[in-house]
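These are notes for a colleague who is opening this model for the first time.

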Amino acid sequence: MQFRISDTFTDSLTRLTADEQKAVKITAFDLQQNPANPGMQLHRIEKSKDKHFWSARVGSDLRLIVHKTDSSFLLCYTDHHDKAYQWAERRKLQTHPTTGAAQWVEIRDRVVEAPTPANLDSRARGNDKQVSKPLLFAGMTDEQLLAYGVPAEWLADVKQANEDSLLTLAEHLPAEAAEALLELATGGKPQPVSMGKVTDPFSHPDAQRRFRVMHGVAELEQALNYPWEKWTIFLHPSQQQWVMRDYAGPARVSGSAGTGKTIVALHRAVTLAREHSDARVWLTTFSDTLAHALQNKINCLISHQPRLAERLEVADMNAMGQRLMDRLTPKGQAKPRLATPAQVREAAAAALAEVKAASDGALLTRFNLNFVLGEWTDVVDAWQLQSWDDYRDVKRLGRKTRLNEAQRQALWHVFTGIQSRLAAAGVVTHAAMFTQLAHQLAALKHPPFDYVVVDEAQDVSISQLRMLAAMAGVAPDGSGSVRRNSLFFAGDLGQRIFQQPFSWKSLGVDVRGRSRTMHINYRTSHQIRQQADRLLGPELSDSDGNTESRKGTVSVFNGPAPLICSYKDQAAEITAVADWLKGLTAAGYAPHEVGVFVRSEAQLDRAIAALQSAHMPMQVLDEHVETSNGKASVCTMHLAKGLEFRAVVVMACDDEVIPLQSRIESVMDESDLLDVYDTERHLLYVACTRARDRLLVSSVSPASEFVDDLG
């Protein structure tokens, strides 16, 4: 007998209190020990149309719903007695006649549609005639809708759906059918997966995203402790084409937060390793913490396949750069040491002071250290400019402060001073390391990796991309062409917070014609996504003219509307946030399902005070961003990238905090303000979209202007 767990069970479990969750888990473990003959008393749910539903008693009023046949024992749902029975009475487990997938189907005759506000308003005016919007699927045949997993009894409802009713209807449909319809409604073309008559309907790709076989107590315990992670590695069939496609050059998938870009990247890496038995694949991202998270998901995908794991490397960009540098440095030659940010800043301060004291120093009066460091980081070091001619002629993308030739020449003296001081200290920057690697890799007959898959590609730097291009067959000067399928990127321009924009095409990486924007959000509720998207424009473009559109993006589930609140002082904000956190605890949220973010370290005390007042265990994350079970996470918005929580608080969104006043004051030219505002908006967007179900954005009056935009 197969012991399975459904995502409906893990979702319902998270809505219970901590003590209730503990009791349900104990019952689940007992059932897992002997599913064929459970020791506890089971009661058949007589009113259910599916006669395989049974109820297991957990406590005086708590019940666990199971679906039991001769070959399968499935944990389905848990709640208090009446709600648990109502859930079972309104559903049945069936094999779809067209797709062959096991799916939950809600009983159509039990659904009672509530009147909408528009209907009520119309009735109040005595107007029975309502303006109807176009029906989205009226032109589709029953066979077409069935191919997407729509249950036969719901075909008529689907054909009557318009843009207003679709999201409500989607809540009643099997998840795979709802996702396909949402993609169709936003202009996509999902690919139906039909297996026809199969011996095991749980083996269908759609079913594998909803039901998991549990092999032993240890695996069940992991699934119950981390209910989302067991479901996040499965690829939706509509995304399969972007994983399997043969690309003539570099390719990129994009989309707003939660649309499954990382999952596509994971499956792309595994597919390349599986289909090319002698190839080495590198899956990478910009931080070691995100790389660690990718490794955990890869382990789930390729468990029990050690030979595949040997050829699939997961490492962040900087770590791999240092490893390659160590490997490629000739014997007897000293290995380069990387400069620290403090060393670079000290060298820049000394060089600037020296040039200002010289005869042409008057030209630099208006330029402070922050400007010089920005120009060095984003232009000179990033592009590894080695001569005055290079700097004079370079396009300063992302640097809008205008410089005449005399000012540039004076600044170049500063930059040569920085270069000489770093060289004297025997250190190199990361940009210098990656640029040197690009030259070394271009000379190799066989690169260390045949295929590279990059997650969070919007934050890849110029020198890192130059190295990747060289590994894929493009010389450092941009000549040559990228090998087929050698580079695959996943990212979101709206989440770019670490890098200035630059032209990928100028480095030989051209993704035009091989880009795809995904529009179905699987992670963040419709309400949170819709509100967060107000921070960004409907379209974002890169330096090569590639456009990412947010128009038509939809989420696959609903949730409470985000709370956006401003308070008279910090004490009032801390008290309100603490009360909100206490409410989460009462609703069954575990501490590790909660994240609290602030703009900078200066606001961390406010977040800590709120969590302490709520008596919620916590930890302040450092640059390693390692979360802990049983503790809420507190960190700055920059460290929030890549994290996910059921509930998120974004605190201290005050005026002069976001956008950060010190960044605004450091701007040397009004035209540079736009870049500051854009990256600060992206930061707030990243923080808000870490939330799955619940979001609170708080501030002390006067609130940031971004809060007004968000509201």
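1. A charge sits over a ring if NZ of Lys or CZ of Arg is within 6 Å of the ring centre and within 35 degrees of the ring normal. In this predicted model, Arg-646 lies over the face of Tyr-589, at 3.7 Å from the ring centre. Arg-4 is placed over the face of Phe-202, with 3.9 Å to the ring centre.

2. Phe-202 also belongs to an aromatic cluster. Which residues make up this cluster? Phe-53, Tyr-77, Trp-87, Trp-104, Phe-202 and Phe-211 form it together.

3. The structure holds 17 aromatic pairs. One of them joins Phe-53 and Trp-104: the ring centres are 5.8 Å apart and the planes lie at 15°. Planes under 30 degrees apart count as stacked, so this pair is stacked. Phe-53 is in strand E3 (residues 53-57) and Trp-104 in strand E7 (residues 102-106).

4. Phe-53 has a relative accessible area of 0%, so Phe-53 is buried. Trp-104 has 11% relative accessibility and therefore counts as buried.

5. A further pair is formed by Tyr-677 and Phe-706, with ring centres 6.0 Å apart and planes at 80°. Planes over 60 degrees apart count as edge-to-face, so that is the class of this pair. Tyr-677 is in helix H26 (residues 673-688), and Phe-706 is in helix H27 (residues 705-710). The two residues are 29 residues apart, and this pair too links distant parts of the chain.

6. Phe-706 has 0% relative accessibility and so counts as buried.

7. Rolling a probe the size of a water molecule over the atoms shows where empty space is left. The count here is 4 cavities of 30 Å³ or more. The largest cavity holds about 130 Å³ of space. The largest cavity is lined by 15 residues, of which Arg-252, Gln-458, Leu-493, Arg-496 and Trp-504 are the closest to its centre.

8. What is the lining of the largest cavity by class? There are 6 nonpolar, 4 polar and 5 charged residues.

How values were computed
Residues are numbered from 1 along each chain as its sequence is written. This is a predicted model: local features need pLDDT of at least 70, side-chain atom pairs count only at pLDDT 80 or more; totals for chains, interfaces and linings use all residues. Side-chain values use heavy atoms; hydrogens and water are left out. On a 1 Å grid over the protein atoms alone, a cavity is a set of points where a 1.4 Å probe fits but cannot get out, and a pocket is an open set with protein on both sides within 12 Å along at least five of seven lines; lining residues have an atom within 4 Å of a point. Grid points are joined across faces, edges and corners, and a volume is the space filled by probe spheres set on the points. Ala, Val, Leu, Ile, Met, Phe, Trp, Tyr, Cys and Pro count as nonpolar, Asp, Glu, Lys and Arg as charged, and the others, Gly among them, as polar. Rings of Phe, Tyr and Trp (its six-membered ring) pair if their centres lie within 6.5 Å; planes under 30 degrees apart count as stacked, over 60 as edge-to-face and the rest as tilted. Helices (H or I, at least four residues) and strands (E, at least two) are DSSP runs, numbered from the N terminus. Buried means under 20% relative accessible area, exposed over 50%, partly exposed in between (1.4 Å probe, protein chains only).
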